[in-house]
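Subject: Structure handover, with notes on pockets, helices and sheet

Dear colleague,

Please find the structure below, followed by notes on what was found in it.

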Amino acid sequence: MSYLRWDHRPQLRRPVLVAAFEGWNDAGEAATTALRWLDGTTEAAPFATIDPEEFYDFTVARPHVRLDSGMHRTIEWPTPTFSAASIPGAGHDLVLLVGIEPALKWRSFTEAVLEVASDLGVETVFTLGALLADVPHTRPVRVTGTATDPSIIAEMGFTRSRYEGPTGIVGVLMDACANRKLRSASLWATTPHYLRETQSPKAALALIERLGGLLDLPLDTTDLEIASSAYERQVNEMLSGEDDVADYVRRLEEDSEEDEGEQPFAIPPAETLAAEVEQFLRDQRRNGG
């Protein structure tokens, strides 16, 4: 049984599939923000969806009710959508997949993704992810590239993933690609753990810049750069009045560990740090900051 719903099959030049999923693999919404930005800025055209009925718990990933101008109600389901984009001057066309991490039937879900890749002749699959880490918001975002394909590791300077432990749909999709002998790689950005509920345009920008560099995509990222500067400015404003959090961030900025003879630095609980920052940013959004 195919869970795909095709509108049409686009004709593409050396396509590369780029995928990102909301949820466990998407700290600071960095990966999905990056992919939705790429979808919008390239004017990508939708061409297929995955039927969400078999893959989602709708009490968690709830559908939304929308009203049109005539006050007619429609229900929008959490539907993973494929779109295609051709970028002038680029050597590859793009197939973009963005959606919520499925709750059920991950192997069937990845089979649907790989069916699209096979039908369109996709050469390489990239997944985007983001994780929480002990990093300050003031430093450049670290983006790590991982792969299992030796040719990608050598060609792009990636590292072989040595992670062991729980995984998300990104890890399952990468494993399925490897089993199919389909070239695949992941780009992972780090985001500050004390801003865990805040969208990070800075991390999204870092992912886009790394992906664009690898695929030689001519992209104008001015709007993401402006959003990143505003994000950092807002957090800095909050920290100027919160000594505990500011001290903690300064400690994260240090390049070397403390000398053994110094008193250990007392780090406030992560929940307290996050709550203070999140409340500040919510207030800023309400006030139009």
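A pocket, as the word is used here, is an open set of points on a 1 Å grid over the protein atoms alone, where a 1.4 Å probe fits and protein lies on both sides within 12 Å along at least five of seven lines, and its lining residues have an atom within 4 Å of a point. This is a predicted model, in which local features need pLDDT of at least 70 and side-chain atom pairs count only at pLDDT 80 or more, while totals for chains, interfaces and linings use all residues. Residues are numbered from 1 along each chain as its sequence is written, and side-chain values use heavy atoms, with hydrogens and water left out.

The second largest pocket is lined by 17 residues, and Glu 22, Arg 36, Pro 78, Thr 79 and Ile 100 are those nearest its centre. Its volume (the space filled by probe spheres set on the grid points, which are joined across faces, edges and corners) is about 320 Å³. Strands S4 (64-67) and S7 (94-100) each supply at least two lining residues, where strands are DSSP runs of E of at least two residues and helices are runs of H or I of at least four, numbered from the N terminus. The lining has 8 nonpolar, 4 polar and 5 charged residues, with Ala, Val, Leu, Ile, Met, Phe, Trp, Tyr, Cys and Pro counted as nonpolar, Asp, Glu, Lys and Arg as charged, and the others, Gly among them, as polar.

The largest pocket has a volume of about 770 Å³, and of its 25 lining residues Thr 146, Ser 161, Tyr 163, Gly 171 and Trp 188 are the closest to its centre. Two or more lining residues come from each of S8 (124-133), S9 (143-147), H4 (169-179) and S11 (183-192), and by class the lining holds 12 nonpolar, 11 polar and 2 charged residues.

Turning to the sheet, 9 strands form an open, mixed arrangement in the order S1-S3-S6-S7-S2-S8-S11-S9-S10, two strands being paired if DSSP finds at least two bridges between them. Strands S1 (4-6) and S10 (159-160) stand at the edges with a single partner strand each, so one side of each is left without a neighbour in the sheet. S10 pairs with S9 in the parallel sense over 2 bridges, and Arg 160 in S10 stands opposite Ala 147.

With best wishes
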